[in-house]
Amino acid sequence: MQDQFIKMDSITKIYPPDTLALDKVDLEIQEGEIHSIIGENGAGKSTLMKVFYGMAPPSGGEIHFRGRKAKFATPREAVASGIGMVHQEFMLIPSYTVYENVILGAEPAGRFGTLRHADTKPKVEELVDTYGLNIDINSRIGDISVGAQQKVEILKLLYRDVDVLIMDEPTAALTPQEAGELFARLRGLNKVGKTIIFISHKLDEVLELSDRITVMRKGRRVVTVDNRGLDKAELARAMVGRDVVFSIEKAPASLGEIVFEARGLRYVDENGVIRLEGVSFDVRRGEIVGIAGVEGNGQYELVQLVTGLLSAQSGRVFIGGHDVTGEDVMARRKLMCYVPQDRKVSGSAQNMSLVDNAIMTHHRLNPEIEDRCEALLSSGRCRAFTSRLVEDFGVLVPELDAPISSLSGGNQQKVVVGREFMLDTDFILLDQPTRGLDVGSIEYVQEEVVRRRDAGAGCLLISADLDELFSLSDRILVMSRGRVVAELRPEATTREEIGEYMLGAKDAQEDWRAREEVGK
Amino acid sequence: MKKQVLPALIGIVVALLAGLLILWAQGYPPLESYAALFSYSLFSKFAFFSTLDKATPLILTGLSAAVGFGSNCVNLGQPGQFLIGAMAVTAFGIAVDLPAGLMIPLSILVALVAGACWSGIAAGLRRRFKMDEFITTLMLNFIADYFTLYLISGPMLDKRMYSPLTPMTNPGAWLPIWNGFGSAFLVAVAAFAVVSVLWNRSKIGYEWRAMGQNPIFSRTGGCRNDAAYVWAMLLSGALAGLAGGLMIMGGMQHRFVKGIGANYAWDGVMIAIVANNNMIATGLYALFFSVIQTGSMGMELETSVPSEFSLVLQAIVVLFVVASRESTRVLINNITAELRMRRARGRDKGMGDGRHASNG
Ligand SMILES: Nc1ncnc2c1ncn2[C@@H]1O[C@H](COP(=O)(O)OP(=O)(O)OP(=O)(O)O)[C@@H](O)[C@H]1O
Ligand SMILES: [Mg+2]
């Protein structure tokens, strides 16, 4: 007890005006362990770490670090004491190089305040080598993948020589391959003595990686256990307080008419790079079509073409039998609902209230929230609508007028998903719909998707999570380099096979490379 | 609502207190000066009505800027739109002679349309050539300024006068003054009511606000950002144009004189910024600013504090409110949180050792 490495004592955090986010949490973390924190959306995981890291002042309680009382007023102080945190949303400058981002805020200043790169550049390079990070420190952040950006965040902390690494949902935006790499890296860091605090909703990862696991629920620490002989179901029960189904039951699809069709889509971006080429497929009522692929292989552009945010150079899009190729976003939204990939940028306005976020798109399409005069919205009805959404989708909110930024990440996601499902259309486009959700909420969303399917809606699901694709989809399309390279049935294929298609090692339709040669 | 008004009130009070200190430090009698400031702006019928007169253009230019900024359109062309609105009403009032019942609504319409056309040019340039309205609206101010100057010193010059100004408009276009109360203020109030409803309750208003907060979000949600942008620019210009038009229609002058725009437009921009584009706050700050502007004359008379002191007060309000908007809110919130903490502690004592965490 006396010489705890990190000891949090009765930490309480009240977000003004009166959200009790942490309620007397005690937590001990030992030196050199990998300690995972799991819990439902809004349980207070991020908040606990922010309090520890000096990003949010606690309302009560004490923190001891290395036997001494620690009270970090800012993250800078925490870093100076050897504690670093990688946030779920990265904080890098896209137009700077990796190296510049790493030294930002800790620049080696010479005389007259000039930068001295002579000493530091080799140091950064050496770090990259020592920890096997495998990135080019001269490339621009904007040009590298999300996985690589995360390495930069880690590199930043290593450069500042931290001993404790806090990672808040680091794998949410990573592909399975990248996540695998990350784990190897974290284990390597752990081996050289770094202590790692790991927050995740993916229980498999948690079980694979951690030495000890802490479960939080509703602002309290429920239990801390050694990771020995635990199983997933047990953990999930501790988290949400009930049994959770991991792979949902669904009846075989009963197909109806075609509800969505893409025909020969081709898209070339402004730099002349071909992003999509000859993409044709359809989705029928009553089925869920999943799209697998490594991020950046055309899924993003496909989604934008379907929603009407981009327009294709050639090809057509049909929704519900209508040719919507030339139509704008709102005309299409009458026929489809759409859960965008990043809730912060496209799915919400962080400073607007929950109500204002909940009525987006409905404000034009849903007569339920209109006032007597058609051009006006009734604020009473908008609130009633939002309350219904909050209730139906189990969103944890302080009050309807609070800005959506005061909701935990997962609860924001529920608002977005709920809003779209309440549009109640026959075609559903889901881009990473369960990103950042806890197991209980994932189950809820997935069941809801299946319910809609069984009620006759057609669903197109883009997901980086192969488990999700396997458990939900009736068909899986694999995209690689802007084309659909395979169409597979989940019951008749394996992860390995899909992986090969994703990486382009295998091509069912035609040899892409050969065509490319001919094209030149 | 409450959350926005409270920091605003605190800002005003603190600014007044700071002004008190400055007056005292400068050797003026602070309390008497303030007494004069308010008695010459509020505490007599005449004073109060002149404050309302002053508030009329400020409310409108404030609304104009708030609509623009709040929907992510950087319309800084209020000065130009104001002048064009005033000039259009003048020309209309000189050329057309109808009974007041027709003339007044038509003149208002002319002012609105003229202002909207002027901002519409900037909107069109942005849509067509992707030119930033931030630059184009500013440049259009110069054009409006020199164009109206040319008109009043050439084609529209009143030959009987020895300074650049136009003849008077026909009396049909004059807004009545009842017992010293200028009815132009009622027009501003009506505009305020319409714009508030539009902004806070209408569908297009919702789209403006969403676009102002996050254009990608509103576009993804299906809002027609391009159209919303054009409408916001037009409304913003129309309001500034109306402010100009009312300068001709109200008051006693009824002609376009050099320098008629004064600083109304920039004051409006400032008001919108202080009010954080909130409509009600915009109206309140417009009234407050006109109180100090009107009262400062009286203060000069009574205690010989230079009337420029009103600028100092305005500056303090702006700096204080804008700089402390966040911190005041945080402070208020923290006080609430602290109270709740106390309550929670009280509850715990009552429950004894109601602890929950256990170790596995
Ligand atoms: N800035 C804030 N202002 C007000 N309340 C907040 C703020 N940030 C978080 N909260 C509230 O605090 C509680 C805990 O949030 P926190 O972000 O710690 O949850 P979490 O466990 O990280 O959840 P998730 O898994 O969804 O990320 C939630 O109820 C949330 O609404
Ligand atoms: Mg979180």
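A polar contact is a pair of N or O atoms within 3.5 Å; within protein, one atom must be able to donate a hydrogen and the other to accept it. With that rule, and bearing in mind that the model is predicted, start at the boundary between the two chains.

**Stop 1: the interface.** Select the residues of chain B and chain A that touch each other. Chain A contributes 49 residues to the contact and chain B contributes 34 residues. The area buried between the two chains is about 3,700 Å², and carbon and sulfur atoms give 53% of that area. On the chain B side, pick out B:Lys203, B:Tyr206 and B:Phe217: these residues lose the most area to chain A, together 21% of what that side buries.

Stop 2: Now display the polar atoms across the interface. There are 16 residue pairs in polar contact between chain B and chain A, counting pairs with both residues at pLDDT 80 or more. The elements of chain B that give two or more residues to the side touching chain A are α7 (184–201), α8 (203–213), α9 (215–220) and α13 (309–351). By residue class, that side of chain B divides into 14 polar, 10 nonpolar and 10 charged. The interface also holds 5 salt bridges. For one salt bridge, select A:Asp356 and B:Arg209, whose closest N and O atoms are 3.0 Å apart.

**Stop 3: helix α4 of chain B.** Select residues 78–95 of chain B, an 18-residue helix. From first C-alpha to last, α4 of chain B reaches 25 Å, close to the 26 Å expected at 1.5 Å a residue. Colour the helix by accessibility: α4 of chain B is mostly covered, with 14 of its 18 residues buried.

**Stop 4: A:Thr97.** Move to chain A and find the loop between β6 (83–86) and α3 (98–103), where A:Thr97 sits. A:Thr97 counts as buried because its relative accessibility is 16%, under the 20% cut-off. Beyond its neighbours within four places in sequence, A:Thr97 is in contact with A:Ile137, A:Asn138, A:Ser139, A:Arg140 and A:Ile141.

**Stop 5: A:Thr195.** Finish in strand β8 (residues 195–199) of chain A, which contains A:Thr195. Is A:Thr195 buried or exposed? A:Thr195 counts as buried, with 0% relative accessibility. Its contacts, again leaving aside neighbours within four places in sequence, include A:Phe5, A:Ile29, A:Gly32, A:Asp163 and A:Leu165.

Note on methods: Residues numbered from 1 in each chain as written. Chains lettered and ligands numbered in written order. Predicted model: local features only at pLDDT ≥ 70, side-chain atom pairs only at ≥ 80, totals over all residues. Heavy atoms only, no water. Contact = heavy atoms within 4.5 Å. Buried area = accessible area lost by both parts, 1.4 Å probe. Salt bridge = Lys/Arg side-chain N within 4 Å of Asp/Glu carboxyl O. Polar contact = N/O pair within 3.5 Å; in protein donor to acceptor, adjacent residues only side chain to side chain. Helix = DSSP H or I, 4+ residues; strand = E, 2+ residues; numbered from the N terminus. Nonpolar A, V, L, I, M, F, W, Y, C, P; charged D, E, K, R; others polar. Expected span 1.5 Å × (residues − 1). Buried < 20%, exposed > 50% of the residue type's maximum accessible area, 1.4 Å probe, protein only.
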